[in-house]
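Q: I have a new structure open and would like a quick walk through it. Can we go over it together?

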Amino acid sequence: MENTQKSGFRNLRFISRVVGGIALMTISFFLTLGLLQRFDLSYLYPFQGLSVIIISLMAAVMLKEKLTLQLTIGALLISAGIVLVSLS
Amino acid sequence: MTNQPKRNRPSGFANPWLQLALSVLCVLVSELLLKCGANDIADPSSVWSWTGINGLASPLVWLGIAFVIASFLSWLYVLKYIPLTIAFPLSRVVDILVPLGCWIFLGEFISTRRWCGIALVVIGLALVAKPVARIEERL
């Protein structure tokens, strides 16, 4: 957030990131809409747990966050649950 | 954002806990509406329907989008008063409400295997929600 108060070049980077985020969320929304026409909501919805796993993995890589035992066990449980749902 | 002193909590409709519950409800309603709308205009045979753009033809989908926006605005308001490390784990209750809503309102058949999978995902998310909220605050 402090970056936005500095030079205009940094401002451009911030705005481009926000726009990129919104673009990706829009694409994700429409793809979900396409999938909803074919599959049950109770089938598709648990897959959103995947985004939580991806966030923690990317944070471990990009922000050097520690992968605690709690995070790992939770991620494994989510993955197991998603596999079960995809098989149902 | 986290350095701001916590303001006095407003009451009534502006109460942040109430807004948190409303945000969760809005997400639930929007998911159900999007599914109903998608069912209405479903065209599984066409290739273009994989992009989901034909969903915009359904008014239910537009109503679902409105509820998504409402839930997001409410969520932004909630985060002014409640730290993310508390609000985010609490908001994960929606992950139980949505499958229940599918079963009750949409009449979807949910096998035992699917219930077990959903339960595992919910437990995993409950474990992971607080650390992830801490990570997101750093972002």
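This is a predicted model: local features need pLDDT of at least 70, side-chain atom pairs count only at pLDDT 80 or more; totals for chains, interfaces and linings use all residues.

Q: What box do the C-alpha atoms of chain B fill?
A: Along the principal axes, the box is roughly 55 × 35 × 30 Å.

Q: And how much of chain B counts as buried?
A: Chain B has 139 residues, and 33% of them count as buried.

Q: What about contacts in chain B between residues at least 6 apart in sequence: what share join residues at least 24 apart?
A: That share is 76%.

Q: Now domains. Where is chain B divided?
A: Domain 1 of chain B covers 7–82 and domain 2 covers 83–139. Their C-alpha centres are 16 Å apart.

Q: How many residues of these two domains of chain B are in contact?
A: Eleven residues of domain 1 are in contact with 13 residues of domain 2. On the domain 1 side, α1 and α2 of chain B each supply at least two residues.

Q: Which classes make up that domain 1 side?
A: The side of domain 1 of chain B that touches domain 2 has eight nonpolar, one polar and two charged residues.

Q: What domains does chain A have?
A: The assignment for chain A gives domain 1 at 1–38 and domain 2 at 40–88. The centres of these two domains of chain A, taken over C-alpha atoms, are separated by 22 Å.

Q: Switching to the contact between the chains, how many residues does each give?
A: Chain B gives 38 residues and chain A gives 35. On the chain B side, the elements giving two or more residues are α1, α4 (94–105) and α5 (112–138).

Q: Which of them gives the most?
A: α5(B) does, with 16 residues. By class, the side of chain B that touches chain A has 24 nonpolar, seven polar and seven charged residues.

Q: Why does W50(B) count as partly exposed?
A: Because W50(B) has 16 C-beta neighbours inside 10 Å. A buried residue needs 20 or more, and an exposed one has 12 or fewer.

Q: And what separates W50(B) from F105(B)?
A: They are 55 residues apart along the chain, and their C-alpha atoms are 25 Å apart.

Key. Residues are numbered from 1 along each chain as its sequence is written. Chains are lettered from A and ligands numbered from 1 in the order in which they are written. Domain bounds come from an automatic or database domain assignment. Two residues are in contact if their C-beta atoms, placed from the backbone, lie within 7 Å. Helices (H or I, at least four residues) and strands (E, at least two) are DSSP runs, numbered from the N terminus. Ala, Val, Leu, Ile, Met, Phe, Trp, Tyr, Cys and Pro count as nonpolar, Asp, Glu, Lys and Arg as charged, and the others, Gly among them, as polar.
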